[in-house]
Amino acid sequence: MKEENDILRVDPDTGKLNNYRHRLIAGAVLLAFFCLWTFMVVSGRTQSLDDKVWASMISLRTPAMNKVLVVITKAGNSKSVIAVMLALLIIPQTRISTGLPAAISSAVSLAIYKVLKVSIARPRPNPAFWLVQEHGFSFPSGHSMNGMLCYGIIIFLLWRSFGDKKPVRVLCAFMAALILCIGFSRMYVGVHYFSDVIGGWTAGLAELMFFSTALDEANRRLASKSKAFMRSSLPGGR
């Protein structure tokens, strides 16, 4: 009997994951919500809420928090994502199981968010209140989207590859908290609205559902071909 905490592993009997369908449905729902949310943003239906939340974030600022959140917000930029991917690719234990699939997924996500930014072309909030320098458009928040996909896919791959071990649990919890903190920091430093962050998180989570399923399917097919090759290599095998 498979344990409950092992639901992300390939079933040895069927060769597939039982939660394929659940992830695909979740991804489709998230994608639909993102489309609806985008319509609300473009049509101005979120602007009143955005202005109130943005003003509230500015009022929360303190010199100490400014320093901390400026550092945290950088964890979601492309340079940080690339650095994390390179580290995973350099470490032999994570190179194939985590580094390569995470790097491919993150590269695709970076390309998608750039297209979304240019296509929607929403102006950023008032730059007079920014704590960091930014360029380009506002929706969706690229840092929030990249953080969700990049650190989310690493959580998925680490859990799948190394199982429910204490160091893995601690690292996954840290990255989950970092995803939330990056989104919060984007509003705090003044460069994004609330709806930008929600849009980034939603798009990133939808990507995570689809990419994780694709990675598992690729892994299943590779394992199947490997087993077939091994059987054909045995004496009398076909």
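Tutor: Begin with a cut-off: a residue is buried when its relative accessible area is under 20%. This is a predicted model. In α1, the residues that count as buried are Y20, R23, G27, L30, F34, W37, T38 and V41.

Student: What share of the protein counts as buried?

Tutor: Of its 238 residues, 45%.

Student: Why is S138 called buried?

Tutor: Its relative accessibility is 0%. The limit is under 20%, so S138 counts as buried.

Student: Where is S138, and which residues does S138 touch?

Tutor: S138 sits in the loop between α5 (92-120) and α6 (142-162). Leaving out residues up to four places away in sequence, S138 touches K117, R122, P123, R124, P125, V191, H192, Y193 and D196. A contact here needs heavy atoms within 4.5 Å.

Student: How do you know that the span of α1 agrees with its number of residues?

Tutor: Helix α1 covers residues 20-42, which is 23 residues. The expected span is 1.5 Å times one less than that number. That gives 33 Å, and the end C-alpha atoms are 33 Å apart, so the two agree.

Student: What follows α1?

Tutor: G44, with a positive phi near 85°.

Student: How many helices and strands are there?

Tutor: The protein has 8 helices and 0 strands. From the N terminus, the order reads α-α-α-α-α-α-α-α.

Student: What percentage of the contacts with a separation of 6 or more joins residues 24 or more positions apart?

Tutor: The figure is 76%.

Terms used:
Residues are numbered from 1 along each chain as its sequence is written. This is a predicted model: local features need pLDDT of at least 70, side-chain atom pairs count only at pLDDT 80 or more; totals for chains, interfaces and linings use all residues. Side-chain values use heavy atoms; hydrogens and water are left out. Helices (H or I, at least four residues) and strands (E, at least two) are DSSP runs, numbered from the N terminus. Buried means under 20% relative accessible area, exposed over 50%, partly exposed in between (1.4 Å probe, protein chains only).
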